[in-house]
Every structure is written in structure tokens, then in C-alpha cells.
Amino acid sequence: MSQKVLVTGGAGYIGSHACKALRDAGFTPVTYDNLCTGWQDAVKFGPFEQGDLMDRARLDEVFATHKPIAVMHFAALSQVGEAMREPGKYWRGNVSASLSLIEATLAAGVRSFVFSSTCATYGDHDGVVLDENTAQLPLNAYGASKRAIEDMLKDFGASDGLKSVIFRYFNVAGADPDGEVGEFHQPETHLIPLILDAIDGKRDALTIHGTDYPTQDGTCIRDYVHVMDLVDAHVLGLKHLLDGKVAAGAHDVFCLGTGNGFSVREVIDHSRHVTNRPVPLNEGPRRGGDAVKLVSGSEKAVAVLGWNPERSTLPQMISDAWRWHQNGGYER
Ligand code: UDP
């Protein structure tokens with residue numbers, strides 16, 4: 001019987017792709033999700049347990065039923081704009097919920113934990129390429145909540161021997177090329193799916209959030225990673241933990257970026273080329289909480305985990321997203 005991994009947020013965008021990668025690597029992913037933003041239809045690669053992270057009794061029951069060997073924790077609120085308006089939602093929904101999960105994990109005797117963190121923990125660093133040692137100075141409650149969870153994992157490592165792999169994601173894009181799962185947020189706030197919505201008339205136009213940033217074309221720069229490459233890193237990170245490469249109580253942090261930054265206007269240009277359609281545009285003011293440039297090298301993940309982000313080119317990410325956008329989607 002294959003080993004089980006508890007995947008929180010397995011009904012969401014990245015979590016559902018991770019479940020597929022885990023299944024393909026010979027594990028059984030057990031999705032734990034409250035469906036607040038996820039989709040039951042996205043749970044295709046293993047059992048589904050509906051539940052909330054704040055519901056400790058339910059978590060204990062799921063750990064007892066499935067006896068997972070490790071946890072992959074994706075479930076989170078992740079919108080910068082919303083975090084600026086409603087920080088309490090982020091401190092409760094991300095930090096308190098993760099505390100509940102970590103305590104349930106330890107109570108079940110599980111010591112291997114893979115955590116989805118973010119480049120939003122860094123804030124602005126004058127355009128330098130970021131790495132695992134860059135100071136974390138978040139500009140918004142989303143980044144601050146994720147940094148707090150990283151700190152929590154370190155504390156529970158020291159107290160209880162929890163071993164964790166922490167991934168700091170840059171901008172995740174694209175979709176499963178087989179079309180089984182893809183990106184589907186309601187409401188959508190991310191750049192590439194919004195561009196595709198504007199291209200096929202699902203919205204009137206894409207609004208560029210800020211054209212007066214100190215960059216070559218005035219728009220923000222981000223480092224885009226294909227979701228399939230991102231979840232490959234998670235399987236490698238899980239094996240890194242299970243193979244004993246992380247000592248009891250220790251944690252290992254990896255940035256998942258490509259080292260290539262693209263401005264909002266460059267992403268729009270690539271989308272126009274890939275789809276061969278015009279992109280209706282508006283120019284709007286800056287969005288609060290946005291860093292000017294978030295770009296990271298992948299040296300550590302490549303050297304230590306053997307990660308190979310080969311699908312993370314803009315044409316590949318946009319064409320996979322476009323195929324999903326035209327044929328995919330979920331219903332409540
Ligand atoms: N962006 C934009 N218009 C939109 C959505 C996003 O100009 O309708 C910009 C946003 O300001 C940022 C970049 O696109 O500079 C990527 O934003 P997204 O929300 O996709 O990811 P984030 O970087 O916030 O994680």
C-alpha cells in the first residue's frame with residue numbers, strides 16, 4: 001500500500017497539481033480542504049476529507065483514519081489586496097489555522113512537514129535578486145502571516161523535533177498540460193488568468209496596476225514558475241525529508257524562482273503572441289502592498305534537490321494556461 005501524505009488545500013490550484021505529482025510519484029495524497037476557495041472537482045488523485053484547519057477534532061480524526069507519513073500544507077488565503085483590507089482574516093486564516101494544523105500533526109506523531117511560503121515575505125529590496133538568506137521584511141499581512149508560520153515551524157522544530165521544508169514561491173502560473181486540473185479562482189486576481197479573461201471577452205479589459213514603478217517600462221517585475229515545476233519541487237522536498245536529509249528539529253528553506261524577471265507589460269506581450277489575439281488594456285493606479293520587483297535564483301533548489309524548472313518559460317506557461325482556460329474550469 002502506498003504511503004499517504006496529508007495535503008491541506010488539495011482542492012486548490014497548487015494543491016491539486018501537487019496531488020497529481022504525488023500520485024505519479026507513488027504516494028497517496030489525502031486532501032484536507034474546507035472548500036472556501038477550492039473545488040471538490042479538483043480532487044482527483046486520492047481521498048477527500050472536507051474540514052477546516054481550525055477544527056482540531058476533525059483534523060485528529062483524519063490523521064487517525066489515514067495515518068499520513070507527512071503533511072504538505074498549501075491551504076491559505078493568498079491575495080495581497082484582500083490582506084491589505086482585512087489583515088485579521090489573514091492572521092486568523094493563515095497563522096491560527098496553521099498553528100492548529102501543526103499541533104495536530106505533532107499530536108499524531110508526524111514529524112515531516114512541507115510548507116508553502118512566499119516571496120511576499122521579503123518585501124522590497126531595491127531590485128536585487130533574492131535568495132534564501134535575504135532579510136524578510138513583508139509589505140503586507142499576507143507576507144507577514146506566512147513569515148510568522150515559518151517562525152512557528154522553526155519553534156516547533158526546537159521543541160518537538162518537527163522537520164520542515166519551506167518553499168518560498170515566486171509567481172506560479174500555467175496548468176497541468178493534460179488538462180485534468182488548472183487554475184480557477186473566484187474572484188480571480190492573478191495576472192495571467194486575468195489577461196486570458198480579457199483576451200476572450202470574459203472581462204472588458206485588463207487593468208495594469210501601476211505604470212510609474214522604477215522599472216524599464218514602469219510596471220512591476222515578477223519571476224514566473226510553471227505550476228508543474230513547482231509541484232515537482234514539492235515531491236523532491238518530501239523525499240529530502242523522508243530520506244533523512246533534514247535533521248530532527250531542523251528546517252530547510254528553498255526559493256522556487258527561475259532568476260528571470262518579467263514586467264507586467266512583457267507578460268501581456270507574450271500573451272498576445274501565444275494566443276494571437278489582442279489584449280484590451282486599461283492603465284490604473286498602483287495596487288497597495290505590491291513590491292516593485294520579486295525575482296529569485298533557483299541555485300539552492302537545483303543543487304540540493306536536483307530541481308529542474310524546465311517548463312517555466314512564459315510561452316509554455318501561457319499556452320498551458322490558455323488551453324485550460326478554454327476547456328477547463330470547475331463548478332460548485
Ligand atoms: N497585476 C496587474 N493587473 C491585474 C492583476 C495583477 O497589473 O489585474 C500585476 C500586479 O500588480 C503585480 C503582477 O501583476 O505586479 C502580478 O500580480 P499577481 O496578483 O498575479 O501576483 P502577486 O505578485 O501579487 O503574487
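**Legends to close-up views of a predicted model**

**View 1. Contacts within the protein chain.** Of the contacts in the protein chain between residues at least 6 apart in sequence, 79% join residues at least 24 apart; two residues are in contact if their C-beta atoms, placed from the backbone, lie within 7 Å. This is a predicted model, in which local features need pLDDT of at least 70 and side-chain atom pairs count only at pLDDT 80 or more, while totals for chains, interfaces and linings use all residues. Residues are numbered from 1 along each chain as its sequence is written.

View 2. Helices (H or I, at least four residues) and strands (E, at least two) are DSSP runs, numbered from the N terminus.

**View 3. Helix H5 and its end.** Just after H5, Gly161 takes a positive phi of about 75°.

**View 4. The buried residues of H5.** Among the buried residues of H5 are Tyr142, Lys146, Leu153 and Phe156; a residue is buried if 20 or more other C-beta atoms, placed from the backbone, lie within 10 Å of its own. The cover over the buried residues of H5 includes helix H4 (87–107), strand E5 (112–118) and strand E6 (163–169).

How values were computed
A residue is buried if 20 or more other C-beta atoms lie within 10 Å of its own, exposed if 12 or fewer, and partly exposed in between; C-beta atoms are placed from the backbone.
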